[in-house]
Each structure stands twice: as structure tokens, then as C-alpha cells.
Amino acid sequence: MISMMILDLVLQGIQRSALPPLQDNSSSTSVRAFFYLCRSPPLIMIKVSVKWQKELFQDVEIDTSLPPYVFKGQLFELTGVPPERQKIMVKGGILKDDADWSTVGVKKGQKLMMMGTADEIVKAPEKGPVFIEDLPEEEQVIAVGHSAGLFNLGNTCYMNSTLQCLHSVPELKSALIKYSNAGRSDVDQTSHMLTVATRDLFSELDKSVKAVAPMQFWMVLRKKYPQFGQLQNSTFMQQDAEECWTQLLYTLSQSLRSAGSSENPDAVKDLFGIDLVSRVHCQESGEESSEAESVYSLKCHISHEVNHLAEGLKHGLKSEIDKVSPSLGRSAIFLKESRINSLPRYLTIQFVRFFWKRESNQKAKILRKVDYPLELDVFDLCSDDLRKQLEAPRLLLRNEEGKKLGLKPKEKISDSADKDVKMSDAEGTSTGNDAQSSVTPQEGTLFRKGTQMTGIYDLVAVLTHKGRSADSGHYVAWVKQESGKWIEYDDDNPIVQRDEDILKLSGGGDWHMAYICMYKARVVPM
């Protein structure tokens with residue numbers, strides 16, 4: 001039986017042989033070869049032996065009615081040496097593809113010598129394919145590229161979205177890992193239990209690709225803060241995610257404070273704390289004073305004038321307060337204008353979308369669209385002292401980024417500033433691989449753990465709300481992974497998203513809209 005490869009070689013041999021060409025117009029290789037064989041002279045078979053390297057192939061048949069190229073095809077099947085590499089030694093030299101067997105003089109039983117290198121045989125892989133589901137669960141998390149979702153235990157999406165956003169902060173997880181099961185004498189038992197539950201839940205999320213049920217955390221959260229256990233018609237009520245975020249951070253700030261340690265007395269404040277300095281003055285009396293306070297988030301106030309986050313933040317740093325004026329001897333209106341005096345590693349911003357509506361006696365929602373950027377610069381919101389300290393790191397950052405674009409530095413950094421800071425290749429972009437630092441101008445330095453702040457932040461998490469009331473609707477977390485991809489955590493269902501999808505969460509309708517944004521500081525190393 002002649003194989004298809006041999007038939008194809010026969011057809012190629014037609015073009016090389018001295019026989020007249022076929023007149024048949026059939027395009028089929030097998031049909032053309034068949035006609036060629038039918039019109040060829042009667043078969044004259046000769047058996048020879050072929051020596052190739054250390055092997056000797058006995059009784060190899062040569063059909064002298066077919067061109068030598070077909071014989072080479074037979075040897076290819078035996079040795080794996082392609083016909084174009086074969087050199088077969090015969091009387092008078094090397095056997096040619098279109099030679100006439102009658103002139104070559106090959107005899108029955110003759111030993112032919114062949115030279116040539118065979119194609120490398122593809123080896124089977126030493127290890128078979130490994131499927132993700134066959135890997136250990138911790139390795140599955142690495143392969144998938146994101147951690148697990150959280151089951152909704154009954155209107156607990158506010159809690160799940162808060163936990164997913166905070167779980168994305170590696171420094172917070174590191175501080176929790178160091179927290180002792182023994183607790184501390186100055187921390188109440190329920191705060192200790194909530195801290196341990198947070199630590200254990202974060203650890204479970206890191207090791208699992210399957211959705212996790214945060215039952216223990218939820219039980220302790222309700223014990224610590226009973227408002228999250230409110231029932232309506234025997235069902236747990238929806239709660240405000242911002243309130244859950246604030247209460248959880250407050251508890252962790254108490255538990256993770258290092259007693260007697262001046263190096264890092266408050267891990268949570270170091271990560272999220274914002275120091276504000278405020279000028280309070282009364283236009284009526286001319287009185288003026290200054291105040292200092294620490295907060296864990298900035299407020300983006302929303303009005304008909306606010307279209308962008310930067311505008312809302314400026315509104316949020318100004319407020320009117322009614323208090324007693326010593327000079328007037330009565331209450332008066334004071335204007336409070338605040339500026340940022342130290343920057344956190346992670347900047348949390350709350351969009352003030354909910355307000356109390358007296359007519360309906362419930363929290364109503366402002367649906368107005370407010371755009372926010374993937375990269376936020378808060379330099380204009382800082383105090384004069386902080387701005388001065390940010391100048392050198394910002395210039396260094398701009399020059400380094402300019403070099404990557406092929407631009408020359410526009411300004412020179414003074415020798416003293418150049419000694420203080422030096423930009424590294426990884427300047428803390430939105431992929432999230434760099435250490436961060438907070439600024440404390442009162443200490444006279446921007447340095448902490450070998451880095452300097454620049455006042456520029458990259459968006460790493462968005463907590464959204466869908467619906468028209470704080471007491472209903474649905475909360476979802478959108479978290480940027482270390483790989484740079486975004487994951488939408490809709491309770492137990494993680495979904496991959498794109499940068500452009502994240503920017504569509506700015507509001508203006510009934511779709512998910514940003515309620516809390518978390519930005520990560522971009523820093524320059526010393």
C-alpha cells in the first residue's frame with residue numbers, strides 16, 4: 001500500500017524525471033500519482049541494503065520505474081533524514097533525484113552508503129500539563145492573580161466591599177500578622193477579638209481561590225458595634241459602608257498601636273492618617289485662631305458647582321462653624337479653612353453623597369456625576385510648609401519620568417536636595433510595588449523608611465454604591481492588583497475589569513458610583 005507521502009513524492013518526482021509530463025488536469029495528488037503509476041513501465045523491484053551512521057537497513061526495495069526521489073522518501077521514513085539532506089553514494093558519485101536507475105547501475109543485494117542528519121525528534125515533556133485546579137490552593141491564588149471573594153451573609157455587601165479594599169493594603173496585613181493573640185491590657189476584649197478576626201480573615205483570603213464566608217468577623221463586628229446587627233422584618237438591615245470602614249479603622253488603630261515604641265507608635269495612622277492645619281476666623285469680629293487635627297479621610301463635598309474630585313476636595317476643606325465669640329459675647333459664624341500638613345501612604349477620600357432628607361425621614365443620595373482621576377495630585381491642598389518640602393522630590397520625579405520619555409531635565413536640583421533624594425527605577429507607579437511614607441512637617445522631615453512623598457497618588461481601590469438610598473442598594477469593591485489589573489469584587493464573584501471601566505464609576509445615574517476612593521502615594525527613595 002502506497003502512503004500519501006509516497007504519492008506526493010511520486011508527483012514531485014514527475015517534475016524531476018525525464019518522462020513526458022502528464023496531460024491530465026486533475027488537482028488530486030493521489031489521482032495524478034495513480035495515472036503516473038499506470039502509465040509507467042512494469043515494476044522492476046531491487047532489494048538493497050543501506051548503511052547510515054551505525055545502522056544497517058536490510059532488504060530496502062527500490063522500484064526502478066520510479067525516480068530516485070521516491071526512494072529517498074522511503075529512507076526518510078526509516079531514518080528521519082529529509083530527502084534534501086540525503087547524500088547516497090553510488091557509482092560515479094552522489095545519487096541525483098532525477099537520475100535514471102538504468103544508468104546508475106544499482107544491483108540486487110548492493111550496499112549503499114547514505115549520509116545526512118535526521119530531524120530532531122520532539123521529546124515528550126517530562127511533566128504533563130498541570131491544570132490550575134490541580135495545584136495547591138495557595139499556588140492557585142498566585143496563578144489566578146487575585147484573592148477570593150466573600151459570601152454575602154444577608155445584606156453584608158457593605159462589609160464585604162470594605163474588607164476587600166482594606167485587604168489590598170499589604171502594610172496593613174503585615175501589621176496584623178504581627179498582632180499577638182494575647183492582645184494588650186489597654187485594649188478592650190471586643191476590639192481585640194475584631195482585630196484577630198480581621199487578621200485571620202485576611203490570611204484566609206490570601207490562601208483561597210474559593211469564596212470565603214466571613215462569619216466569625218461578622219459576629220464580632222456586630223458584638224463590637226451593635227448598629228450593624230439591626231433587624232428589619234427579621235432580616236439584617238443594609239448599612240453604610242463608610243461607617244463600617246471608619247469604625248474598623250478606628251478599632252485597628254487602637255489595637256495596632258505599639259505601646260512604648262517611638263519607631264511606629266500607630267501603624268494605622270502611619271498608613272491612613274492625615275494631619276490638617278486650619279485657620280479659623282470670624283469676619284464679623286476679626287478674631288482668628290489656628291487648629292490642628294488628624295483625620296483618616298478627606299471629604300469630597302458635592303454641589304451643583306462640583307464636577308471633579310479636585311473641586312469637591314477644596315469645598316471639603318472649607319466649612320462654616322457656629323461658635324461663641326469671646327469678643328462679641330455671643331455666637332457667631334466662623335470660617336474654617338484647612339490645609340494638609342502631612343500626607344499618608346494611602347489617601348482615603350469619601351464622596352459625601354448621602355444626606356438626611358427630612359421629608360422622607362431617610363438618607364437620600366446625590367446622584368450627580370463627579371469625575372475622579374487615576375492619578376491625583378494634592379499639592380494645591382497642602383500647607384505652605386509642606387509644599388516647600390515637596391518641591392525637591394516632585395522635581396526629581398518629573399525629571400526621572402521625563403528621561404523615560406527622552407526629555408531633558410528642565411531644571412537643576414540643588415546639591416543639597418540631590419543628596420537627599422534619588423529617584424529609583426521603580427518610583428511607585430500604580431502597579432503598587434513600592435514602599436510609601438507619610439509626611440510630618442512638624443518633625444522637619446519628609447523621610448520615613450527611606451522614602452519621600454511627592455504629593456502624587458495612584459488610584460488603587462474604589463468602593464461603589466448602586467441605588468438611591470444608603471439603607472438599600474448594593475456595595476461593590478473595585479481593587480487594583482499588584483499585576484496592574486483591576487478586579488471587581490461583587491461579593492463572592494471576582495470579575496476582571498479595565499482602567500476605563502473604573503473611570504465610568506463617577507455617577508450621574510443608577511449605575512455603580514464611587515463612594516470611597518483609596519489612592520496610594522507615589523514616592524521617591526532617599
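Cys157 counts as buried because its relative accessibility is 3%, where buried means under 20% relative accessible area, exposed over 50% and partly exposed in between (1.4 Å probe, protein chains only). Cys244, at 1%, is buried as well. The structure holds zero disulfides, a disulfide being a pair of cysteine sulfur atoms within 2.5 Å.

A word on the model: it is predicted, with local features needing pLDDT of at least 70 and side-chain atom pairs counting only at pLDDT 80 or more, while totals for chains, interfaces and linings use all residues. Numbering runs from 1 along each chain as its sequence is written, and side-chain values use heavy atoms, without hydrogens and water.

Let us turn to helix H13, residues 384-404; helices (H or I, at least four residues) and strands (E, at least two) are DSSP runs, numbered from the N terminus. Its buried residues include Leu386, Leu390 and Arg394. The buried residues of H13 pack against strands E12, E16, E17 and E21, with contact meaning heavy atoms within 4.5 Å. After the helix comes Gly406, with a positive phi near 80°.

Now follow Arg394 to its partner. Arg394 forms a salt bridge with Asp377, with the closest N and O atoms 2.7 Å apart; such a bridge needs a side-chain nitrogen of Lys or Arg within 4 Å of a carboxyl oxygen of Asp or Glu. Arg394 lies in H13 and Asp377 in E16, so the pair ties together parts 17 residues apart in sequence. Arg394 is buried at 10%, whereas Asp377 is partly exposed at 39%.

Methods: The expected span of a helix is 1.5 Å times one less than its number of residues.
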